[in-house]
Number of protein chains: 2
Amino acid sequence: MSQQVARVSLHDVQRPVAGELELVVGELRRVIAADFPIVSEVNDHLLQMKGKLFRPTLLLLSNKAAGCNDERAVTLAAIVELIHLATLVHDDSVDHSVLRRGLPTINALFSHQIAVIMGDYLYSRAIIELVRFDDHEALRVLARVTNEMTVGEMRQLEAHDKLAYGEGEYDALIRAKTASLLSGACEVGALAAPADYRLALARFGMLLGMAFQITDDLLDYTEPEAVTGKPSGLDLREHKVTLPLIVALAGRTVVAQLMDTAEPGDDLVAEIIRLVEAAGGLETARQRALDLAQQAETELDVLPSSPARDALQGSIAYAVERRS
Amino acid sequence: MSQQVARVSLHDVQRPVAGELELVVGELRRVIAADFPIVSEVNDHLLQMKGKLFRPTLLLLSNKAAGCNDERAVTLAAIVELIHLATLVHDDSVDHSVLRRGLPTINALFSHQIAVIMGDYLYSRAIIELVRFDDHEALRVLARVTNEMTVGEMRQLEAHDKLAYGEGEYDALIRAKTASLLSGACEVGALAAPADYRLALARFGMLLGMAFQITDDLLDYTEPEAVTGKPSGLDLREHKVTLPLIVALAGRTVVAQLMDTAEPGDDLVAEIIRLVEAAGGLETARQRALDLAQQAETELDVLPSSPARDALQGSIAYAVERRS
């Protein structure tokens, strides 16, 4: 992949597995079904809120690219999305977020209590469904990943108000918080493949996930609310330290001023966005995402040529070039 | 068992498995160990907070009484306690409780955010440990139980402010919230036993758990704070409807008045406790706990005579006679 990547739409990436992706939503609905009224109501809301299915896409593409044709792939893809949903419900509750994918969060629409309980409900449903396969491997990978994500959330709490937060800590954070599940999705898709395919796809997913999260953190600096659906500078408003800021920090007193201001105003936030840009924070973060993207692409070399492999390659461009 | 049971101390109940119980705490420590500072701090606090190990006791006694001598029993007992701990951490967070077993709760000592994340951390550690055994059965039972407990928590939310709450709903609540894990502990202890032992112990645990929870709800009416460690009438203060109140309700307007009062005063709470007692609510709840206890005891008939079976019998008396 050249450093200049052509824009690839998620639709393009999903084409080789479009049929399976349609089945994933039905599987998800089956797995979370409940005969208790509040749970059903929350489920209906979550299914409306359904996102881009990026993790199921990666699982299904990995499965095809590794030549597995695992008949459990659609169910496993639904389970990976379910684990993602469970973590979103708890994250929104922990962060007191009110909107997710343009809809009210569970904590906002129902209550904080219901959000905590529903996250547990969804996660335990995912485990029940995984246990139904008489094969420990998917469970082993996804239990480890889920545990890593909780440590990632703890690291996220530490990435607040902390001017000394470094690149090493940021890397550990985005690996645990985001990249581990993308890696797990790719690995679980290739469980039936030879070990070299499986391990290459696990590494691919980890690199892709890091590039994906760096890109996400960059969007907070570069894109207006109309494009991303969340206010520009939101991370700064919430005192979150991400890669562009880490690069730009170098002891600037205005950043210390931001951290000391409970609710920074528009002017202060705008000034720091300009400062970060001038200090090369955005450029460095972009370059790091592209480096990771290139490493991710190299991991695909071991796989035979196929439309699914091409789509995984396309998913890299999607991850680093997306604007929302 | 006669309707008048001799007082049995938990110490007596635990005697046949005292050696194993000492190992359980070490196993628990091993399973939750983390190399991330906040997680370690929370773990240390949770290990101090360690309760009476009633669920591990039941698992170990079931294992012995069913003649299994499963070498995994100590680890499984630690996992059952870990699942219990994870649910306590989330329950305290959902309820905004500040004290648990005489120590500050995780949400009070650290933060609400850390409590939500730590519950997820502990539960995913339990799953990782269960996956290490190449045997799906323990995982199948405990994943189902955990999911039932989340539905129980949802039912608990509905048991507030609801004068129409009936005995059937209360039964479903205490089965899901409390009895399912006690049943799971007994069943997992007897996984290696013949099916009739295993199923009898699962039913035993369910009946015992219901009697245990009814007794707990009774203590809220009958025992002062000095004995139970929580204020008498706390459930009423929090608008929780339990069996004694359900029995006593019969359309009394003073109960409606309680439900309409956001923070009921001592006089109002004391009046309703007297009312519930006069209406036979306490006696009916006591009788129901004793009936369940007798049914639980009958389930033990299938097992051969042993000190462990005697201790399981003793655990029934402990469950219904305890004062805190």
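The model is a predicted one, so local features need pLDDT of at least 70 and side-chain atom pairs count only at pLDDT 80 or more, while totals for chains, interfaces and linings use all residues. Residues are numbered from 1 along each chain as its sequence is written, chains are lettered from A and ligands numbered from 1 in the order in which they are written, and side-chain values use heavy atoms, with hydrogens and water left out.

Chain A has 17 helices and two strands; helices (H or I, at least four residues) and strands (E, at least two) are DSSP runs, numbered from the N terminus. With a radius of gyration of 20 Å, close to the 20 Å that the globule rule gives for 324 residues, chain A is as compact as a globular protein of that length. That radius is taken over C-alpha atoms, and the rule is 2.2 Å times the number of residues to the power 0.38. The C-alpha trace of chain A spans about 55 × 50 × 30 Å along its principal axes. Of its 324 residues, 60% count as buried, where buried means under 20% relative accessible area, exposed over 50%, and partly exposed in between (1.4 Å probe, protein chains only). Among contacts (heavy atoms within 4.5 Å) in chain A with a separation of 6 or more, 74% come from residues 24 or more positions apart.

Now for the backbone. Most residues other than glycine have a negative phi. Asn69(A) has a positive phi of about 45°; this residue sits in the loop between α4 (54-65) and α5 (73-95) of chain A and is exposed, at a relative accessible area of 58%. His239(A) also has a positive phi, of about 65°. Its loop runs between α12 (234-237) and α13 (243-249) of chain A, and His239(A) is buried, with a relative accessible area of 8%.

Turning to the interface, 36 residues of chain B are in contact with 36 residues of chain A. The two chains bury about 3600 Å² between them, 73% of it on carbon and sulfur atoms; buried area is the accessible area (1.4 Å probe) that two parts lose on being put together, summed over both. On the side of chain B that touches chain A, the elements giving two or more residues are α3 (37-48), α5 (73-95), α7 (112-132) and α8 (136-158) of chain B. The count of salt bridges between the chains is zero, a salt bridge being a side-chain nitrogen of Lys or Arg within 4 Å of a carboxyl oxygen of Asp or Glu.
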